[in-house]
Amino acid sequence: MKETLENTAELLKEFEAKIDAEIKIEPRDWMPEDYRKHLIRQISQHAHSEVIGMQPEGNWISRAPSLRAKKILLAKIQDEGGHGLYLYSAAETLGVSRDQYIQWLHEGKAKYASVFNYPALNWADIGAIGWLVDGAAITNQVSLQRTSYGPYSRAMVRICKEESFHQRQGYEIMWKMMQGTEDQQRMAQDAIDRWWWPALMMFGPHDSDSPRTSNAVKWKIKRETNDRLREKFINKTIPQAELIGLKVPDSAIKIIGQDAMGENMYEHSDINWDEFWSVVNGNGPCNEQRLNHHIRAHEEGAWVRECALTYYEKSKEK
Amino acid sequence: MEAKVKYYLEIADNAFILSHRLSECSSNGPFLEEDLAGTNVALDLIGLAEPVYNEAAKLNKKGESGDDLAYRRSENNYFNCLLTEQPNSDFAFIMTRQFFMDVFNYYYFMDLANSSDKFLKAVASKSLKEVTYHLKRSSEWMIRFGGGTDVSKEKAQKAVDSLWKYTGELFTASEADLALRESNVSVDLEAVRDKWDQKISEIFYLAHLKKPENDYQMLGGKSGVHSEYMGFMLAEIQFLTNKYPEAIW
């Protein structure tokens, strides 16, 4: 027993030395159980978010108003699914199968980004989701490219490339709507009014209320804190909104100075955390709808997966 | 309407409407990889339709855009085959509809790649690469259904039985098509039918599936007479352009 403990202490020291030296942790490396657990939770949550996130955008595929808009939306949703695939693969390197992750999602044991529990109600929502939701996601994911777990970090590098295209196409939709008719402008403002706060909530609770932040930062899974990332996003996004004539739905917004790059920094109202926790805990407008959709599609596809597997087994016997 | 414009629209509408049906399957696939593959085919098909609509708009000389043709016609001016508009049910049905269309597209575009019309020739040559992959995927699924479980085989046979009556229209030439035959713009559909039939027999043999005995065939789509489903599909497709006709998206 004593020997094992000493052994573990030695392994932990090696692990921490790698983290300090910015050497990536790989699937076969020893890692503390809590590190593995944290990654299993975080990467699978990230994978589920990509996949569930296909639904609100999917709500507008059949009504996309031009050939170009439809192509872009289809391609974007396909990218999100592809990100889900990379992330499930990264998560599987931690010794848990995709089937198991999906089962945990269906049982409510695994979560996905709460923002996807809000509905996509008009065409400008497709713009707002790309611009604000993907924009918030990128702010977080850019920092995750340097995360300490190798497979997760490499997945993030690929994902970030595509996400920046998503953000631009979202902003382009908003820009076009603001150049358009009064109805289009009304839709665009309505969309930012509804998506602004959920997008800010995506960064998670204040650091002081985020129980898992300290270990995750120590192990360099997380490279920047929730509040810091949120500020970055706000500073970047407000000028973009103003440029095309949109108003952020926060009357308390004011410039409080410039950062080192000379960019404005803003003060803003606090987030409605009661709403945040309520949606996280299942009481958002679409929580039930999103999960039920995923469960239904998965159940309806059971015979197809069984068919493919049976056919594969039979072909091996031949 | 000039024969060539009508013929272009038949090609574009087949691709656009089938693409739409496939796009409705997003987030409904049996597993993630297949979900993405379905969207991929939807994207290929809309990518096929777009230049053909644009070119048809140019030929038509009425100041319309390709988008106007895709989004602003009335139902009886869409000329897609009935097969493409059949609503999605289970995965076997979706894939069988795709398989019938993929076999057609494969041989049709192969012949159209020799068209005297330079534009169609180029579109066909480009599409062949994609269509070849589509056909590989859907024929492999047909074989998998037939050789998988009892359930999968039964579902595939049911889909074949139900969709068979829409396959004849693929080879029934419209007046526009016949008018363009002599100048070698359009393709001899009887020759395509023979190759289609042979390919179907080959894959059905491998998949242990049977051609239906009832060979009754439904026509209409190519002349603008559609199923009840078409109106609902167009109501969704045209929702924004109908509600906000002045808007540019």
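The legends below describe close-up views of a predicted model.

**Figure 1. Aromatic pair of F15(A) and W30(A).** Over all chains, a search of the whole structure finds 31 aromatic pairs. One of them joins F15(A) and W30(A) in an edge-to-face arrangement, with 6.3 Å from centre to centre and 85 degrees between the planes. F15(A) belongs to helix α1 (residues 2–20) of chain A, while W30(A) belongs to the loop between α1 and α2 (33–52) of chain A, so the pair ties together parts that are 15 residues apart in sequence. F15(A) has a relative accessibility of 2% and therefore counts as buried. W30(A), at 32% relative accessibility, counts as partly exposed.

**Figure 2. Aromatic pair of F276(A) and W277(A).** The rings of F276(A) and W277(A) also form an edge-to-face pair. Their centres are 4.9 Å apart, and the angle between the planes is 75 degrees. F276(A) counts as buried because its relative accessibility is 9%, under the 20% cut-off. W277(A) has a relative accessibility of 38% and counts as partly exposed.

**Figure 3. Cluster of aromatic rings in chain B.** The members of this cluster are F99(B), F100(B), F104(B), Y108(B), F109(B), W164(B), F171(B), W196(B) and F204(B). Ring pairs link these residues.

**Figure 4. Charged side chains over rings in chain B.** The ring of F79(B) has the charged end of K6(B) sitting over it, 4.4 Å from the ring centre.

**Figure 5. The largest cavity.** The structure holds two cavities of 30 Å³ or more, and the largest has a volume of about 180 Å³. The largest share, six residues, is supplied by α1(B). By class, the lining of the largest cavity has 14 nonpolar, two polar and three charged residues.

**Figure 6. The second largest cavity.** This cavity has a volume of about 40 Å³. Its lining consists of K18(A), I19(A), E22(A), I23(A), K24(A), R146(A), T147(A), S148(A), K220(A) and R223(A). Six of these lining residues are charged, two are polar and two are nonpolar.

**Figure 7. The second largest pocket.** About 520 Å³ of space lies in this pocket. Its lining has 21 residues, and R98(A), R305(A), P30(B), F31(B) and L32(B) lie nearest the centre. The elements that give two or more residues to this lining are α3 (54–58), α5 (98–106), α12 (287–300) and α13 (302–317) of chain A, together with α2 (32–60) of chain B. With four residues, α13(A) gives the most to the lining of the second largest pocket. The lining residues of this pocket divide into ten nonpolar, six charged and five polar.

Methods. Residues are numbered from 1 along each chain as its sequence is written. Chains are lettered from A and ligands numbered from 1 in the order in which they are written. This is a predicted model: local features need pLDDT of at least 70, side-chain atom pairs count only at pLDDT 80 or more; totals for chains, interfaces and linings use all residues. Side-chain values use heavy atoms; hydrogens and water are left out. Rings of Phe, Tyr and Trp (its six-membered ring) pair if their centres lie within 6.5 Å; planes under 30 degrees apart count as stacked, over 60 as edge-to-face and the rest as tilted. Buried means under 20% relative accessible area, exposed over 50%, partly exposed in between (1.4 Å probe, protein chains only). A charge sits over a ring if NZ of Lys or CZ of Arg is within 6 Å of the ring centre and within 35 degrees of the ring normal. On a 1 Å grid over the protein atoms alone, a cavity is a set of points where a 1.4 Å probe fits but cannot get out, and a pocket is an open set with protein on both sides within 12 Å along at least five of seven lines; lining residues have an atom within 4 Å of a point. Grid points are joined across faces, edges and corners, and a volume is the space filled by probe spheres set on the points. Ala, Val, Leu, Ile, Met, Phe, Trp, Tyr, Cys and Pro count as nonpolar, Asp, Glu, Lys and Arg as charged, and the others, Gly among them, as polar.
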